[in-house]
Amino acid sequence: MKTYVMKKVNEADSVSFTFDDDGRLKGIEFSGLEDPRRMAVLGKCPLYETDLEWWKKNSWIEITVFVGPATFVFFWQSYAYKVGNLKRARKLWGLLAEDERRNAIAGIRRYNNYLTQHPTIEKAYPETYLSQKRWGGYQ
């Protein structure tokens, strides 16, 4: 299974397409998109993994690929700021839906870039990043 999380650059809303091992679409999840935008996405919905070329060639779309489920271990390694309460962070992770988990991981790079551009802002502890859903809206 492969999941592609697509979002417009500078926006928090996203859509996830999940494909089986044969490259056929198995599921779509929307995170934060309103009905008119959902309809627009469905109009360009890829039925096969090879149909993603339209999405990939648009520079205003950011794509993150997941092979398998988004795990806490992968989040913890990707976040790379081993401070705070690990037990609480793990519990907060468990409360997130799968699409939120993928968005949290996909948002780490944007969040880190934002912090690089704003050096006076300290990086949030992992549990704060999760509880406040800090992965949305960073450029």
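Is Arg102 buried or exposed? At 3% relative accessibility, Arg102 counts as buried, where buried means under 20% relative accessible area, exposed over 50% and partly exposed in between, with a 1.4 Å probe and protein chains only. This is a predicted model, in which local features need pLDDT of at least 70 and side-chain atom pairs count only at pLDDT 80 or more, while totals for chains, interfaces and linings use all residues. Residues are numbered from 1 along each chain as its sequence is written, and side-chain values use heavy atoms, with hydrogens and water left out.

- Arg102 lies in helix α5, which spans residues 98-117; helices (H or I, at least four residues) and strands (E, at least two) are DSSP runs, numbered from the N terminus.
- The side chain of Arg102 makes a polar contact with the side chain of Glu29 at 3.3 Å, a polar contact being a pair of N or O atoms within 3.5 Å, of which, within protein, one must be able to donate a hydrogen and the other to accept it, and residues adjacent in sequence count only if both atoms are side-chain atoms.
- Leaving aside residues up to four places away in sequence, Arg102 touches Thr3, Val5, Ser16, Glu29, Phe66 and Ala70, contact meaning heavy atoms within 4.5 Å.
- Gly107 also has its place in helix α5, and at 0% relative accessibility Gly107 counts as buried.
- Not counting residues up to four places away in sequence, Gly107 touches Tyr129 and Trp135, and its C-alpha atom is separated by 9.4 Å from that of Thr64, 43 residues apart along the chain.

**Glu62 in strand β4**

- Glu62 is found in strand β4, residues 61-67, and counts as buried at 12% relative accessibility.
- The side chain of Glu62 makes a polar contact with the side chain of Arg110 at 2.2 Å, and the residues that Glu62 touches, not counting those up to four places away in sequence, include Val5, Ala106 and Arg110.

**Packing of α3 and α4**

- Helix α3 (residues 72-79) and helix α4 (residues 86-95) pack at an angle of about 125 degrees with their axes 10 Å apart, the axes being lines fitted to C-alpha atoms, for helices over the stretch in contact, and the angles running from 0 to 180 degrees between N-to-C directions.
- The helices α3 and α4 are therefore oblique to each other, since angles under 35 degrees count as roughly parallel, over 145 as roughly antiparallel, 65 to 115 as roughly perpendicular and the rest as oblique.
- Phe72, Phe75 and Trp76 in α3 meet Leu86, Ala89, Arg90 and Trp93 in α4.
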